[in-house]
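The exercises below are meant to be worked through with the sequence and the structure at hand. Each task is followed by a solution in steps.

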Amino acid sequence: MTRKPIIAGNWKLNKLVSESVELTEDIKVKLMDCKKENLPVVVLCPVFTAIQAVANVLEHGKGIYLGAQNCYWEDNGAFTGEISVPMLADLCVSYIVIGHSERRQYFSETDEMINKKAKAVLSHGLIPIICCGETLEQREAGITDEFVAGQIRAALKGLTVEEVTKSVIAYEPIWAIGTGKTCDSPEANRVIKMIRATVAEVSSQDAADKIRILYGGSVKPSTIEEQMGMSDIDGALVGGASLEAESFAQIVKGTMLARTK
Ligand code: PGA
């Protein structure tokens, strides 16, 4: 089963429009010498206010896609401050990160809200990057698998097999996000296999074989090759290291290297 890897940069609440444009241009230049067919799918997720400007810099079809960090599930209406999926699609956004642990933690997003968002994203033909992952307390209490499987079951509830197959999952242990502590690759791979088994149980074996499951949490140029050498890790959701063109480009190139070995 070959699943095309995805490297997504989650810029979080960082970078003004001009800085976002500069970073995008630098990433483009650094990846210019890579053969398109060898590149993973590269996704850049700027803040909402920079999406249009980043879209103008990206040439679609050249392997670099635009992502958003969040969305609302209604298309329009009296929902002050929200941004809908059709509005993001209008700006050429293809991927939308949903259920990031920071949104769950700081903005009280629930599994039910994340499920509604996944449905909204898919109904407009975009691809959700559905995040899941346990806290340190949950890991220490030995309930990682049970907790993460529960998040996945809730997020995928009511999706068709085709919709699940098209979706992307990011396993991001919360204790590894922004801490510099990556989850050991074999352990990340083990949890990701468990997520795949959960997908098979709630959807189908074919969807489980095809769905891309990324790892996220302090991914760096020095960790990516080992991570991409694992059987079930299909790419990375990168925070801190995606804010600099050099480290992000090295992660993309490390992915290519690992896959050609
Ligand atoms: P990090 O963030 O790479 O800075 O740990 C990952 C994420 O939150 O998606």
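**Exercise 1.** Which residues does Ile195 touch, not counting residues up to four places away in sequence?

*Solution.* The model is a predicted one, in which local features need pLDDT of at least 70 and side-chain atom pairs count only at pLDDT 80 or more, while totals for chains, interfaces and linings use all residues. Residues are numbered from 1 along each chain as its sequence is written, and side-chain values use heavy atoms, with hydrogens and water left out. Taking contact as heavy atoms within 4.5 Å, the partners of Ile195 are Cys132, Val148, Ile152, Ile169, Tyr171 and Ile213.

**Exercise 2.** Find the residues with the most contacts inside the largest nonpolar core.

*Solution.* A nonpolar core is a set of buried (under 20% relative accessible area, 1.4 Å probe, protein chains only) Ala, Val, Leu, Ile, Met, Phe, Trp, Tyr and Cys residues joined through side-chain atoms within 4.5 Å. The largest such core has 70 residues, and Ile96, Ile195, Val199 and Tyr215 have the most contacts inside it. Helix 12 (residues 245-260) gives the most to this core, namely seven residues.

**Exercise 3.** Describe how helix 7 and helix 9 pack.

*Solution.* Helices are DSSP runs (H or I, at least four residues), numbered from the N terminus. Among the residues making the contact are Val148 and Ile152 of helix 7 and Ile195 and Val199 of helix 9.

Technical notes:
Buried means under 20% relative accessible area, exposed over 50%, partly exposed in between (1.4 Å probe, protein chains only). Helices (H or I, at least four residues) and strands (E, at least two) are DSSP runs, numbered from the N terminus. Axes are lines fitted to C-alpha atoms, for helices over the stretch in contact, and angles run from 0 to 180 degrees between N-to-C directions.
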